[in-house]
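User: Please take a close look at one part of this model and describe it in a single connected account. State the cut-offs as you go.

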Amino acid sequence: MNKLVKTQDVTYEYVRRDDDGNVENIVNAIEGINISIEEGQMVAIIGHNGSGKSTLAKHLNALLTPTEGTVWVDGIDTSNEEKVWDVRQKAGMVFQNPDNQIVGQVVEEDVGFGCENLGIKTEEIWERVADALKSVDMYEYRNASPNRLSGGQKQRVSIAGIIAMKPKCIILDEPTAMLDPRGRKEVINAIIRLNKEEKVTIILITHNMEEIIGADKIFVMDKGKLVMEGSPREVFGKVEELTEMGLTVPEATLIGKKLYDSGLPISLPVLTKEELVSEIGRARLSKFR
Amino acid sequence: MLLIADHLSYKYDKLNKKNVLDDVSFSINKGEIVSIIGHTGSGKSTLIEHFNALNTPTEGTIYYDGKDIFEKDYDRKALRAKIGLVFQYPDHQLFEETVYKDVCFGPTNLGLDKKEVELRAYEALKKVGVEDDLFFTSPFELSGGQKKKVTIAGVLAMKPEVLVLDEPTAGLDPKWREEILNIAKRLRDEDGVTIILVSHSMEDVARYSDHIIVMDHGKKLLDGTVDEVFEQAEILREASLDIPESTAIMRLLRKEGYRVNTAVYDADSAVREIRRTLRF
């Protein structure tokens with residue numbers, strides 16, 4: 001498979017200055033990061049607040065460029081200033097707060113905004129906007145005013161705005177953190193659909209572990225470093241390590257682990273509710289036969 | 001009863017041609033932790049803005065400590081010191097050059113003398129656990145969790161009787177979420193401050209509240225204890241909400257024929273209940 005995103009020994013230094021502009025100290029927000037993401041994958045980046053996950057994400061669409069090391073997006077070195085817009089067209093970014101991302105007065109207009117900046121012909125923009133809105137199930141709201149939408153709907157409009165630019169990859173930085181439970185589900189379902197049906201590569205940053213049970217790969221960041229990477233089953237199998245880093249695991253995984261620790265012979269790790277229930281049934285039969 | 005909403009209505013949203021608040025009544029007792037939950041646009045924010053008279057109802061009123069706060073002669077300025085609002089985005093509430101100055105702002109505005117202001121600011125910062133070495137840094141250099149602590153301290157320095165927290169944990173990681181909610185719990189347990197929590201996290205709400213009020217399209221949908229509210233999974237889902245994940249797991253077990261109690265809201269209680277049912 002094609003490596004869509006690749007980083008090699010990426011370090012980003014953050015310089016803190018005092019009031020007079022003198023350097024106070026230099027902090028490595030991220031350090032020595034090597035990751036690669038294949039085209040069509042859905043990957044997650046997790047880590048506590050300040051672990052460097054957002055800094056890493058911002059490197060993947062050239063919002064930041066590394067102090068040391070290299071980031072390639074679809075083969076383009078993101079430090080090449082002439083190619084910044086190519087990188088951003090290939091890897092679009094959706095942020096946490098939907099209210100800060102919406103600029104248009106009408107949904108359609110907002111979704112077409114990015115395409116307009118790319119200099120695409122008007123006719124094609126309309127086509128792309130319609131397709132993008134359909135792909136996140138927001139087409140029927142195309143003529144609505146964005147400020148009348150719910151948080152989940154606004155966030156899907158933001159995603160459509162990126163989709164309309166036909167990126168290969170979407171980076172979402174805690175897109176569900178501000179949403180109510182239904183909004184969260186709507187946005188996650190839209191993201192999963194884009195990945196499965198439109199083959200868009202997804203890079204999702206989140207604190208909600210239930211959202212990434214189906215991911216192809218999870219990267220775990222701690223204190224600016226990549227400390228773990230693997231499938232959800234591999235990563236969530238390490239409950240103690242994750243807890244020590246201040247992270248959680250899916251609730252079913254946690255309950256499964258605690259039941260196992262108290263003597264119920266279930267196979268670990270369990271990821272979903274359904275898996276947990278059937279594991280409890282199986283373990284019960286073997287234990288109490 | 002400390003705070004009573006009495007047939008409160010607020011008609012404002014001309015765009016959507018509907019009431020933002022529609023005949024909402026409930027009461028909150030002194031020293032309770034009450035959560036208000038509801039979908040985006042359900043009226044939660046408008047509702048809490050009525051608690052300290054930032055908003056004026058179209059119909060109905062609010063009684064605080066037995067007095068109608070929208071009466072002409074009611075001292076609403078004093079009320080705003082008694083009912084402290086902590087907004088969702090710390091960046092909208094912080095503005096001074098240093099953390100310490102920021103926390104001094106509220107009590108200074110109350111007209112207290114300098115010594116009292118400084119004492120209160122110090123106490124408030126200690127109460128929320130802000131370290132001394134952060135007192136003279138800019139609040140904007142702090143992490144999201146630290147900023148939240150400082151905004152809470154800024155409100156605490158006015159010695160409120162009620163603390164209203166609007167989505168205090170949105171965007172925070174699990175460790176910070178717990179830390180912020182434990183501050184609220186400590187304030188209630190140690191100082192008897194009544195806490196009103198607005199949240200989208202069903203887990204947090206279940207874990208910390210004595211009482212939950214559920215809003216839906218401007219109306220009060222449910223009002224009861226944690227058990228009473230989270231028993232209504234279908235009603236909650238219809239209102240764009242949900243039940244905690246542990247509760248959903250227990251309900252699934254129950255559906256499969258296990259005789260578990262479904263009034264369970266966290267992993268440890270779930271494990272206890274499963275062990276009790278399976279007898280191991």
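Analyst: B:Ser9 has B:Glu59, in strand 4 of chain B, as its bridge partner. One of the residues involved is B:Ile4, whose partner in strand 2 is B:Ser27.

The model is predicted: local features need pLDDT of at least 70 and side-chain atom pairs pLDDT 80 or more, while totals for chains, interfaces and linings use all residues. Residues are numbered from 1 along each chain as written, chains are lettered from A and ligands numbered from 1 in written order, and side-chain values use heavy atoms, without hydrogens or water.

Chain B also meets chain A, each giving 40 residues to the contact (heavy atoms within 4.5 Å). Together they bury about 3,400 Å², 61% of it on carbon and sulfur; this is accessible area lost on joining, 1.4 Å probe, summed over both parts. Three salt bridges cross the interface (Lys or Arg side-chain nitrogen within 4 Å of an Asp or Glu carboxyl oxygen). Among them, B:Asp242 and A:Lys185 have their closest N and O atoms 3.1 Å apart. On the side of chain A that touches chain B, helix 6 (181–197), helix 9 (251–261) and helix 10 (273–288) each supply at least two residues. Helix 10 gives the most, nine residues.

Notes. Pairing = 2+ DSSP bridges. Helix = DSSP H or I, 4+ residues; strand = E, 2+ residues; numbered from the N terminus. Buried area = accessible area lost by both parts, 1.4 Å probe.
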